[in-house]
Amino acid sequence: MSAGTTIGTVRPDAPVALVTGASGGLGQALAIELDALGCRVAVHYNSSAEQARAVADKLHNDSVVVTGNVASWEEVGALYEQVREQLGPIDVLVNNGAIRRDSLMAMQNPQEWREVIETNLIGTFHTSRVAVPHMLRQRWGRIINVVSPSGLIATAGQTAYSASKAGVIGMTRTLAAECGRRGVTVNALSPGFMITGMTKDLSASVTDAIRGKCPVPRFGTPEEVAHSMRLFLDADYMTGQVLSIDGGVSIT
């Protein structure tokens, strides 16, 4: 075996998975899918405690409900310690928590713009930063960053959201380059439009326009997107990639 070649890695038994933003529609589906795949899931929420507990009640394996603002380094540190004490160190991290504050840049409130970047981009750094050292030490780990077609294609009125998700895509690829030799893969999942808490406020004209430009002319479901978790967990040779499950909207 040549110098620098990675030795085969083994997934831990009943890996610990943290899903941020797990109280929402997609987060719930991701948590349930990971539980079905044998993970012990930490269900994270920021403001919807009751919904997060309802998600945990649907899981069969050991789980824990945790809270914290991912934009805060201190709160993420405390969140990580709670997961570690109750379930163990994080083996699988799904960065799903995000916010949207849509507006044309000419009228955008600067504080709202900053909040989107701090939650979606800096928050992804915080959670990844606390989880990566353990993954590198054990030579196995999975980081899945949930992004958006808005990070790949132009969407008027979403400069903050688009910038945050494009930034996460760039971070995904670079972190993948840093971690690949130690069996840690880092990929991005780009779901298409689904009726969730993030999109339920869109007008009928907007949703009709979205369906009209999509090669598969309908909205997806969180469950369809969540099926990707098996691929991310099993694919040792895939890293730094963006998997788009969006009905083809990102190619139009």
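Colleague: Where does Cys39 lie?
Modeller: Cys39 is in the loop that links helix H1 (25-36) to strand S2 (40-45). Helices (H or I, at least four residues) and strands (E, at least two) are DSSP runs, numbered from the N terminus. This is a predicted model, where local features need pLDDT of at least 70, side-chain atom pairs count only at pLDDT 80 or more, and totals for chains, interfaces and linings use all residues. Residues are numbered from 1 along each chain as its sequence is written, and side-chain values use heavy atoms, with hydrogens and water left out.

Colleague: Is Cys39 buried or exposed?
Modeller: Cys39 counts as buried because its relative accessibility is 0%. Buried means under 20% relative accessible area, exposed over 50%, partly exposed in between (1.4 Å probe, protein chains only).

Colleague: And what is Cys39 in contact with?
Modeller: Setting aside neighbours within four places in sequence, Cys39 is in contact with Pro15, Ala17, Leu34, Asn61 and Leu233. Contact means heavy atoms within 4.5 Å.

Colleague: What separates the C-alpha atoms of Cys39 and Met194?
Modeller: They are separated by 25 Å, and the two residues are 155 residues apart along the chain.

Colleague: New topic: how many helices and strands are in the chain?
Modeller: The chain has 8 helices and 7 strands. As for burial, 48% of its 252 residues count as buried.

Colleague: Where does pLDDT stay under 50?
Modeller: Over residues 1-7, where the model has 5 contacts beyond four places in sequence. pLDDT is the predictor's confidence in each residue, from 0 to 100. The chain averages 92, and 95% of the residues score at least 70.
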